[in-house]
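I opened a new page for this structure. My notes follow in the order I looked things up.

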Amino acid sequence: GLPVSEIQPIHCLILMYDNESYANTDIQLSGSTPYGAYTTFSPAGKVKRIMHKRWKKNTAGMLAAGHPECRYVATVCPTYAVDMMNKVRKALTLGGPTFIHSLDPCPKGWDYDPMYSHELGEMAVKCGIFPLYEVEDGKLSYYGQTKYLVEGRTKRLPVREYLNRQGRFAHFLDEDIEYFQAKTDEMWEKWLLPGVLPFTKE
């Protein structure tokens, strides 16, 4: 229903709850699963350690760039609750179609103690893995920690600690963490719109 609702003049808000897997069927691989993550469909083995080699689908960026009829596209993380509430309120006020992508840490799927959910959401943003932004009628605005990163007021945290806090990446070697870091660096150093669209200049 997502493609139809986003190209038709329908007054609706689609809120995508993203725990980076198909969790209702016991943590299966999805388009939102990060590179190398352990799922029931991408288990780490002795012969093939990294089963999942695709970078996570950039859903919000795809909609912002590919569906100009979509009046409002935003990313949120419940760790930043006020930002999330404000964006949901704005999306509902504007009418539609509108879309919000919410990153939601999952203790079972990510394999960590639930008490660290808030912290992992914060780390995902501060590492630059999940940027916070909105695109309203074609105008891009960054928010919170992501805005500070874009403006150079803070530096991105290394992805190593974020990955090491999750059991789904327990099989990673240094070379895997370095690759993950390099791909994240590309989002900020090479993309024309940092963290949003993977276009580059000549």
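I began with Asp18, which counts as buried because its relative accessibility is 3% (buried is under 20% relative accessible area, exposed over 50%, partly exposed in between, with a 1.4 Å probe and protein chains only). The model is predicted: local features need pLDDT of at least 70, side-chain atom pairs count only at pLDDT 80 or more, and totals for chains, interfaces and linings use all residues. Residues are numbered from 1 along each chain as its sequence is written, and side-chain values use heavy atoms, without hydrogens and water.

I placed Asp18 in strand β1, residues 13–18. Strands (E, at least two residues) and helices (H or I, at least four) are DSSP runs, numbered from the N terminus.

Which side chain makes a polar contact with the side chain of Asp18? I found His101, at 2.8 Å. A polar atom of the Asp18 side chain also lies 2.8 Å from the backbone nitrogen of Glu20. I then listed contacts (heavy atoms within 4.5 Å). Beyond four places in sequence, Asp18 touches Ser32, Lys56, His101, Ser102, Leu103 and Asp104.

Next I looked at β4 (residues 133–136) and β5 (residues 139–142), which pair antiparallel over 4 bridges. Pairing requires at least two DSSP bridges between the strands. Val135 has Leu140 in β5 as its bridge partner. The two strands form a hairpin with 2 residues between them, and Asp137 in the turn has a positive phi of about 50 degrees.

Last, I checked the whole protein chain. I counted 8 helices and 5 strands. Buried residues make up 45% of its 202 residues. The C-alpha trace spans about 50 × 40 × 35 Å along its principal axes.

Conventions:
Polar contact = N/O pair within 3.5 Å; in protein donor to acceptor, adjacent residues only side chain to side chain.
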